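Dear colleague,

Please find below the structure that I am handing over to you.

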Amino acid sequence: MIHPLYDLRGKHALVTGASRGMGLAIARALGQSGASVIIASNDTAEGEAQADALRKADEIDAGFVFVNAGERASVEGMWREALQARGRLDIVVCNAGIAPHMGPLASANDDQWAATMNVNLHGAVWLTNLAAPAMAGHGGGSIILTSSIAGVRGNKAIGVYGISKAALASLARNLAVEWGPQNVRINAISPGMIETEFARPLLDNPEVRERRMRATPLRRPGTPEEIAGVALMLAAPGGAFITGQNVIVDGGTTISDGN
């Protein structure tokens with residue numbers, strides 16, 4: 001039985017960057033709460049396989065749509081295909097993201113800046129520009145942007161990524177003000193260190209892992225499912241009075257004194 005506060009039966013969701021990691025966990029959580037789900041990514045083979053697994057293992061009404069989140073035409077094509085498949089979309093999760101540059105900001109070249117901003121920020125802008133008015137037209141909806149704690153503090157190595165993620169939290173606030181009167185809610189989630197393939201280079205480095213866990217009061221990385229739980233709350237009736245927020249899910253890293 002699904003608790004009424006988390007009941008998404010009759011709702012339709014689109015999740016980008018959803019063929020693995022946090023995006024896949026979010027798609028699964030939404031589906032397990034009754035929503036039909038379309039997962040979107042730039043890996044067709046993996047995406048179709050994961051959609052098939054959701055249908056068979058979890059009995060979720062799941063489909064796949066290809067998207068290159070850094071290309072406007074591809075984002076718009078994904079939206080049209082998803083809308084045609086479901087008729088309407090009540091929940092949109094902008095989770096696609098990349099971090100092609102590591103190092104000081106001055107060492108990032110124009111291509112790295114452009115790729116980061118196109119996928120992480122512009123892709124979300126293009127998608128929300130389509131989703132928000134469509135949701136308003138059928139009574140409301142929930143948009144969730146995957147930001148990062150890199151967007152709420154300075155970084156020596158991932159500053160370009162952090163700037164793009166800070167912009168997403170700001171995007172959520174501004175869209176929430178614009179679309180709140182039409183019952184469209186927009187929030188961001190800022191994960192800390194999560195056990196995903198994306199974080200593997202850091203978590204597999206014993207020195208880096210030990211330092212990060214020492215600075216995290218819970219003394220462990222998070223799981224994709226723990227991010228999915230927050231996304232589910234923001235998408236469901238239980239989060240119906242939350243909008244414009246940047247929900248930090250980091251085990252306490254950003255409030256810690258590092259000891």
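Two strands are said to pair if DSSP finds at least two bridges between them; helices (H or I, at least four residues) and strands (E, at least two) are DSSP runs, numbered from the N terminus. The model is a predicted one, in which local features need pLDDT of at least 70, side-chain atom pairs count only at pLDDT 80 or more, and totals for chains, interfaces and linings use all residues. Residues are numbered from 1 along each chain as its sequence is written, and side-chain values use heavy atoms, with hydrogens and water left out.

Seven strands form an open sheet with parallel pairing, in the order S3-S2-S1-S4-S5-S6-S7. Its edge strands, S3 (62-66) and S7 (246-249), each pair on one side only.

Strand S1 (residues 12-16) runs parallel to strand S4 (residues 91-94) and is joined to it by three bridges. Within S4, Val93 is the bridge partner of Val15, and Val92 is that of Leu14. With strand S2 (residues 36-41), S1 pairs in the parallel sense over five bridges, and Ala13 stands opposite Val37 there.

Yours sincerely
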